[in-house]
Amino acid sequence: MKTSIATVSISGGFAEKLNAIAGAGFDGIEIFEQDFIASDFTPAEVGEMVRDHGLTITLFQPFRDFEGLPEPLRSRAFARAARKFDLMNQLGTDLVLVCSSVHPAAMGGVDRMAQDFHDLGDLAASHGVRVGFEALAWGRHVNDHRDAWEVVRRADHAHVGLILDSFHTLGRKIDPDTIRRIPGDKIFFVQLADAPAIEMDLLYWSRHFRNMPGEGDLDVTGFMRAVTATGYAGPLSLEIFNDQFRAGVPRLVATDGHRSLISLMDSVRRTEPTLMVDLPAFPPSAPVQRIEFLEFATASADAPALESLLTSTGFTQTGRHVSRPVTLWRQGGVNILVNTDAEGFSRTSYVAHGTTVSEVALMVPDARAAHARALALLAQDHDQPARAGELDIPAIRGVGGSMIRLLDAGSDLARIWDVDFRTKATGPGAGLTGIDHLGQTMAYDEMLSWALYYTSIFGATKAPMVDVADPDGLVRSQAVQSGGLRVTLNGAEARRTLAGRFVEETFGASVQHIAFATADIFATAADLASRGFPALQIGANYYEDVQARFGLDPALVARMNAANVLYDEDAGGQFFQLYSASRSDGLFFEIVQRQGNYQGYGAPNAPFRIAAQKRSTRPSGMPRA
């Protein structure tokens, strides 16, 4: 599979873009004319720089407003084309993109446009280059790939072919299966982009909201299934116009782009196995069974405060690691590790972020297969040698520089608690049965990246993105789920929000809150109160409102009020929530009870939870004690 990306897709100067694209493993680039003009390099120097990075120039673009013009505009268009072809010869590329005209003087007529392209093909042949015609979704006379193909078909020239762009097809809701009727050798190039489902002007939508395949709502997999069925074997290239990416770190955006192409073509071959996909074999995604443990990195001086919170939440210390200063805290099906090691990954995490969730261990059907899939999808391997007598647990890097460990029940990895720990009986606990979900907080411009990480590697599904109102700004939130793994990704834009403060003050730590499950939240709340659990205090106004909104029994609302329990419901069932007050570093716990088939995370309650947290914590800017 030949991969490519348009230089317009990522931020930075031309040299910085090249470094990021080559580092992410792409084979080539589309040179966007504006990026070339803005640089101080000659065409020959640009071509040499590209080749020095091990890349090829797959496409030069765009050539605008060509077809259907009256004289003298037509002659001027051919003169412009000749100059562009000369430039392409100097750059060392043989394909130019001609996008369908939006010129007010452009005339319709398929035969007229076909003749223009036939003549352009003759000019291109004299320069040893090729021309690809693309239907812009907002083109004046051609805005559908079927019409663009008819122009190319009638032009009947070896140097003239079709360029397909998933956004222009799917954005106009054109059936991608119509592509299957086009000969693969007449498709010269394929550009790919996804986008969120937003009803707006096509041009504005395209110029500001495109994202990587798998990050939006368009059926890019269906589009590529149709393209692959034609026998097309050329480059797959990303053309992404996105304000967020233009401000992002080039290396991260480029890596996301390459990952998205691998994941896309993996989806193509798994949804239509008869298609020939040029991609190495690697294991399919499999649902995560559960979160097996969480590990906190901390220091000996800070551990007592964390352990006090765990104790008040019903956990008891039930084990120690055989060779490291790591204690095991248990309750129900929950395992929490507290690591005070003065060296290694845990120490590095603590130095960088303070007390933080440094590791998340996932129980999967096959840990080695999940690890192989993750590496194939460009996850960063975490290879920390095990000490003698310890299990060698595969791991990858996760959000905020954290680590994801991979365990399974079918290998020696299932023996982690017998091999790596010395354990004793667990106390009665407070009724917690498992980890319902994790809340991971990040800068808003990283949200799409981490959603793609979970969906591509673990086959997670995405819930719609929601806006959470903080008194000091909006926080964007999106839930992803793979089997027993639920994660809410919370993107902070404003630094004064609780999410923004957490990212800033912990230097990018990821897990801001842990939600534990219980089967009886009122019994759990009573037990926690007896243990000194620092419950977040919810105001009486909330309970008056929630009773009116849902028509709840006054007796139930009184119990909720007394226990600081919040409530939500959807078509599937009911949801109860109880929060701890936040630690000084912003970390907090949540206790939840799902009834029926409730699918959400209590998002309508988030503004009231945040307001209560802000009332109970130190003002922004005040140093920690």
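Predicted model: local features only at pLDDT ≥ 70, side-chain atom pairs only at ≥ 80, totals over all residues.

Q: Okay. What do the eight strands close into, and in what order?

A: They close into a barrel, going β1-β2-β3-β4-β5-β6-β7-β8, and the pairing is parallel. On average, neighbouring strands of that sheet are turned by 30 degrees against each other, ignoring direction.

Q: How many bridges join β2 to β3?

A: Five. Strand β2 covers residues 28-32 and strand β3 covers residues 56-63, and the two run parallel.

Q: And which residue in β3 is the bridge partner of isoleucine 29?

A: That's isoleucine 57.

Q: Let's move on to helices. Which strands does α4 lie across?

A: Helix α4, residues 73-91, lies across β2, β3, β4 (95-99) and β5 (130-134). Its direction is at about 165 degrees to β3.

Q: What about α9, which strands does that one lie across?

A: Helix α9 is residues 220-229, and it lies across β6 (160-165), β7 (187-192) and β8 (236-238). Relative to β7, helix α9 runs at about 170 degrees.

Q: Now helix on helix. At what angle do α1 and α11 pack?

A: About 40 degrees, with the axes 8 Å apart. Here α1 is residues 14-23 and α11 is residues 250-271. At that angle the two helices are therefore oblique to each other.

Q: Is their crossing left-handed or right-handed?

A: The crossing of α1 and α11 is right-handed.

Q: Which residues meet there?

A: From α1 you have Glu16, Ala20 and Ile21, and they meet Pro250, Arg251 and Ala254 from α11. Sorted by class, that contact has four nonpolar residues, two charged ones and no polar ones.

Q: Switching to α19 and α20: what's the angle there?

A: Helix α19 (residues 540-550) and helix α20 (residues 554-563) pack at about 150 degrees, and their axes are 10 Å apart.

Q: Why call them roughly antiparallel?

A: Angles over 145 degrees count as roughly antiparallel, and α19 and α20 pack at about 150 degrees, so that label applies to the pair. As for handedness, α19 passes α20 in a right-handed crossing.

Q: And which residues meet between those two?

A: Tyr543, Val546 and Gln547 of α19 meet Pro554, Val557, Met560 and Asn561 of α20. The contact splits into five nonpolar and two polar residues, with no charged ones.

Technical notes. Residues numbered from 1 in each chain as written. Heavy atoms only, no water. Pairing = 2+ DSSP bridges. Helix = DSSP H or I, 4+ residues; strand = E, 2+ residues; numbered from the N terminus. Axes fitted to C-alpha atoms, helices over the stretch in contact; angles between N-to-C directions. Contact = heavy atoms within 4.5 Å. Parallel < 35°, antiparallel > 145°, perpendicular 65-115°, else oblique. Left-handed = near helix turned anticlockwise from the far one by under 90°. Nonpolar A, V, L, I, M, F, W, Y, C, P; charged D, E, K, R; others polar.
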